[in-house]
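The following exercises are meant for a reader who meets this structure for the first time. Please look at the sequence and the model, try each task, and then compare with the worked solution.

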Amino acid sequence: MAGYVIRRLLAAAVQACVVLVITFTLVRLTPGDPVTAYLSRVQSEASVSPEHIALIRRQLGLDRPVVVQFWLYARRVLRGDLGISYTQSEPVLRIVFSQLPYTVQLALAALLIEVAVGLPLGVVAATRRGTALDYLATTAATAAYSLPRFWIGMVLILVFAVRFGMFPVIGVGAEGDLVDIVHHLVLPAVALGLAGAAYIARMTRSAMLEVLGEDYVRTARAKGVAEAIVLRHHALRNALIPVVTVIGVSLGRALGGSAIIETLFGRVGIGSLLVEAITQRDYALVQGAILIFALGVFLVNLGIDIAYAWLNPRIRYT
């Protein structure tokens, strides 16, 4: 296992390099100049002279060839330096880590909803196959999965915030006040996690139906083992193996989807930070935020692979 983890970490480092190259290239291909975009926000257009723009571009190293810019940036990244934000004049790493807890908080809350709703729903649908409850659960899961997250978020805002005033619309809650934080977290977490819950429900149903048809499950039932024990110890444990993969993907998808939800609900976090950095053409901040995002997804996938061994000790890593 230790060797496998080391190899996966090395593979994650290679994947991070690929993400670095792609992000750096795409950011440079976006239209607009970061220096003029920044100066136009802090000064009137008439007072920005071409000499001033050229001076700042030279100070930021943006006047050098792109290949040289990438080489210098990659060397800084290897030293743990993601650069300085053009717009906030602070280290990118400090800015990203200051926003990271809010995004992780939202992603974990969404994942909790996905598992708490999707897993039981899938088990119930599989054990009640062909009944009205199965059709109802399958139809609800299909409908929820097909709805865009931003649309779900807007509906939640209109119904539960505007119409009934049950939840706040904007913000992350007062720091240190857990009740207020959870109160602000409910609607965005539901908006982010509902589609994932539907997908987990469908995957759980399929996996459970397959496992329930296996010989060892029929043998356990023939021996008179209680149905609850058969489902919990023989069926669900084995059915969870493919579902765990989906949960891992869901967490990565929740991290990525946080950009839309954080913007919609006026929450701080890496997602909204990334959207703001893109509109302001803050190259260093965009590259740093995406790189941290990618590393987070790589670590999640590694954790999921390790979880396989716990769920099924017969799995061996080579």
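**Exercise 1. Describe the overall make-up of the protein chain.**

Solution. Start with the secondary structure: in this predicted model, the protein chain comes to 12 helices and zero strands, so that the order of elements from the N terminus on reads α-α-α-α-α-α-α-α-α-α-α-α. Next, take the extent of the C-alpha trace, which spans about 85 × 55 × 35 Å along its principal axes. Then turn to burial and surface: 41% of the 318 residues count as buried, while the accessible surface comes to about 17000 Å², with 68% of that area belonging to carbon and sulfur atoms. Finally, consider the contacts between residues at least 6 apart in sequence, of which 73% join residues at least 24 apart.

**Exercise 2. Work out how α5 and α11 are arranged, and which residues meet between them.**

Solution. First take the geometry: α5 and helix α11, the latter covering residues 270-279, pack at an angle of about 135°, and their axes are 8 Å apart. Because of this angle, α5 is oblique to α11; the reasoning needs the cut-off that angles over 145 degrees would count as roughly antiparallel and those from 65 to 115 as roughly perpendicular. Then list the residues in contact: Ile-95, Val-96, Gln-99, Leu-100 and Thr-103 are the ones in α5, and they meet Ile-270, Gly-271 and Leu-273 in α11. Another residue of α5, a helix that covers residues 92-127, is Leu-108, which is partly exposed with a relative accessible area of 45%. The C-alpha atom of Leu-108 is separated by 8.5 Å from that of Ala-189, although the two residues are 81 apart along the chain.

**Exercise 3. Locate the nonpolar patch on the surface and say which helix gives the most to it.**

Solution. Begin with the members of the patch, which are Leu-147, Phe-150, Trp-151, Met-154, Val-155 and Ile-260, together having about 510 Å² of accessible area. Then look for the main contributor: helix α7, covering residues 149-163, gives the most, with four residues. Met-154, for example, has its place in α7, and Met-154 is partly exposed because its relative accessible area is 37%.

**Exercise 4. Is Gln-287 buried or exposed, and which residues does Gln-287 touch?**

Solution. First place the residue: Gln-287 is found in helix α12, which covers residues 283-311. Its relative accessible area is 4%, so Gln-287 is buried. Leaving aside residues up to four places away in sequence, Gln-287 touches Thr-23, Phe-24, Val-27, Arg-28 and Tyr-73.

Terms used
Residues are numbered from 1 along each chain as its sequence is written. This is a predicted model: local features need pLDDT of at least 70, side-chain atom pairs count only at pLDDT 80 or more; totals for chains, interfaces and linings use all residues. Side-chain values use heavy atoms; hydrogens and water are left out. Patches are made of residues with over 30% relative accessible area and no salt bridge: like charges are joined within 9 Å, nonpolar side chains (Val, Leu, Ile, Met, Phe, Trp, Tyr) within 5 Å. Accessible areas come from the Shrake-Rupley method with a 1.4 Å probe; for residues, only the protein chains shown count as cover. A salt bridge is a side-chain nitrogen of Lys or Arg within 4 Å of a carboxyl oxygen of Asp or Glu. Helices (H or I, at least four residues) and strands (E, at least two) are DSSP runs, numbered from the N terminus. Buried means under 20% relative accessible area, exposed over 50%, partly exposed in between (1.4 Å probe, protein chains only). Axes are lines fitted to C-alpha atoms, for helices over the stretch in contact, and angles run from 0 to 180 degrees between N-to-C directions. Angles under 35 degrees count as roughly parallel, over 145 as roughly antiparallel, 65 to 115 as roughly perpendicular and the rest as oblique. Contact means heavy atoms within 4.5 Å.
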